[in-house]
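Reader: I would like to understand the words used for this model. Could you take me through them?

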Amino acid sequence: REGSASSSSSREDRKGAKGSKGKGKGKGKEADGTRATGSYEEIREKARTALHERLASGEYKTRQKELQDELQRVFGVNAKRFRSLFGVTMAQYVNVYFQGGPEAAMKIGIQQPGSSAASLRAGPMNTQHEVTMRERRAKRFEGHLQERTQVAMVNFHDGEAPAFDTGPIVGELSDMCSREEAKEREMTRQLDKLEWKVGSDPRHAEVNLSIACKKYQRSSADKVYRGCDVRNLGACWRTMEYLMSEILDFDMNPKKGYAVQKVPYIEVYSYLRDRTRSVRVDLHLQQPRSTTHRVFAETHECCLRFEMLSVFLLTGGSASSSGGTEKYDQKMGLKAMSQTIEPLMNGYQTAREKQMAKSILAEAGLGGLLGGLDGDDDGDDEEECWCSPVEMAMHRYIILLLMCFSSEGLLQHLARLSREILSHPTVSFATQVFAAFNTDDYGKFLRLYRQGGFFSGAGGR
């Protein structure tokens with residue numbers, strides 16, 4: 001009987017213990033009588049008090065998981081509810097506590113008077129640096145709204161011309177790179193080795209302002225371009241002359257005055273591709289004023305020749321002496337060519353139309369209107385209308401490039417060209433090459449190949 005009674009008692013104890021565990025959503029919530037109950041603010045402050053008691057000892061700085069488990073066990077505050085109570089995660093709360101002290105942590109989760117952002121309980125905790133940067137951006141935005149400053153936006157992608165919301169920008173920067181940008185890139189370690197000052201430590205390189213060139217910066221929706229940050233047409237051309245005469249052959253002909261003397265061509269190409277792209281952006285920002293200018297045409301012509309030369313060097317027989325082909329992406333090279341070809345063709349067309357308009361006005365005896373048409377009231381040579389003497393050669397290269405890399409787009413391109421251009425001997429050479437290639441007349445193709453120059457051969461390779 002005693003054994004039976006004890007067995008019955010143990011069954012009742014187990015039944016009672018099982019019943020105390022609860023079922024469903026309420027499971028485990030009454031297992032500990034120390035759980036805090038009360039309003040939203042009371043639970044938050046009780047959890048804060050317990051948390052500060054643990055953090056004051058300094059032993060829980062890296063034991064955040066234990067703190068979270070204890071809050072959930074004692075107060076029923078899991079990670080999700082903690083974020084709802086305080087607006088930050090446990091790790092962010094602990095960081096604020098140890099960086100700013102208990103006073104800074106006490107402000108977390110409490111709405112400050114006049115602060116609308118504090119009412120957003122969810123969301124990450126921003127550092128003081130992030131808060132400062134956001135305040136600066138907000139002030140700049142408010143200034144734009146008050147002053148109604150007219151700015152131009154640009155989207156330089158896949159050869160598309162930038163779209164301007166208002167008028168064009170007039171570049172004011174007369175150097176290859178502004179001092180502010182050079183110093184900023186020096187502090188953030190974004191200098192290229194070809195811009196280092198001689199004798200400076202590579203780990204903390206200093207900038208040589210005389211050879212630094214403006215770096216390409218990708219445009220964004222909130223990107224604002226200012227005239228003081230954009231190079232004028234003269235500075236754009238000086239930058240191109242410097243890049244093509246001093247840097248292009250640096251792998252074979254190193255120059256004095258540079259911190260490095262051995263640079264493979266693939267690194268030279270990477271540097272030139274970025275800096276020439278930056279020049280083109282500055283020219284596009286000043287459209288339509290720059291579209292018919294000599295600097296615009298010759299810059300894009302140089303960029304096209306440079307990309308064609310690089311394709312030959314980095315994918316052809318000279319690749320082994322240029323540092324190999326493992327880093328070169330031919331698709332990116334072709335994309336760079338397309339970004340150069342489209343605005344160049346547009347510039348040629350605009351210049352021809354402008355020349356035709358000027359000739360019509362001159363024949364009509366309205367030559368006095370020419371100054372207003374060019375915007376050249378002061379006789380400034382920068383406003384000249386330039387018709388490139390190498391335009392037909394550029395047309396030849398483009399046709400040969402399309403024949404090799406985009407044969408389906410070649411016919412559409414030819415259809416857009418005028419009869420005058422197609423009948424030019426230089427362009428006619430390219431159409432004959434395409435016809436021989438398309439009809440498998442390899443004998444004629446090779447004869448024409450030998451007659452063409454270097455760039456004709458590189459384009460039709």
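Predicted model: local features only at pLDDT ≥ 70, side-chain atom pairs only at ≥ 80, totals over all residues.

Reader: What does the secondary structure of the chain come to?

Author: There are 18 helices and zero strands. Both are DSSP runs numbered from the N terminus: helices are H or I with at least four residues, strands are E with at least two.

Reader: Why are α2 and α3 called oblique to each other?

Author: Helix α2 (residues 40-56) and helix α3 (residues 64-75) pack at about 140 degrees, with axes 11 Å apart. Axes are lines fitted to C-alpha atoms, for helices over the stretch in contact, and angles run from 0 to 180 degrees between N-to-C directions. Under 35 degrees is roughly parallel, over 145 roughly antiparallel, 65 to 115 roughly perpendicular, and the rest oblique. The pair α2 and α3 is therefore oblique.

Reader: Which residues make the contact of α2 with α3, and what makes them nonpolar or charged?

Author: Contact means heavy atoms within 4.5 Å. From α2 come Lys 46, Ala 47, Ala 50, Leu 51, Arg 54 and Leu 55, and from α3 come Leu 67, Glu 70, Leu 71 and Phe 75. They divide into seven nonpolar, no polar and three charged. Here Ala, Val, Leu, Ile, Met, Phe, Trp, Tyr, Cys and Pro count as nonpolar, Asp, Glu, Lys and Arg as charged, and the others, Gly among them, as polar.

Reader: Gly 58 is in the loop between α2 and α3. Why does Gly 58 count as partly exposed?

Author: Its relative accessibility is 45%. Buried means under 20% relative accessible area, exposed over 50%, and partly exposed in between (1.4 Å probe, protein chains only). Gly 58 therefore counts as partly exposed.

Reader: How much of the chain is buried?

Author: Buried residues make up 39% of the 461 residues.

Reader: And what makes a set of residues a nonpolar core?

Author: The members are buried Ala, Val, Leu, Ile, Met, Phe, Trp, Tyr and Cys residues joined through side-chain atoms within 4.5 Å. The largest such core has 60 residues, of which Tyr 242, Ile 247, Tyr 265, Leu 272 and Leu 304 touch the most other members. Helix α13 gives the most to this core, with ten residues. Apart from it lies another core of 22 residues, including Leu 51 and Val 77.

Terms used. Residues numbered from 1 in each chain as written. Heavy atoms only, no water.
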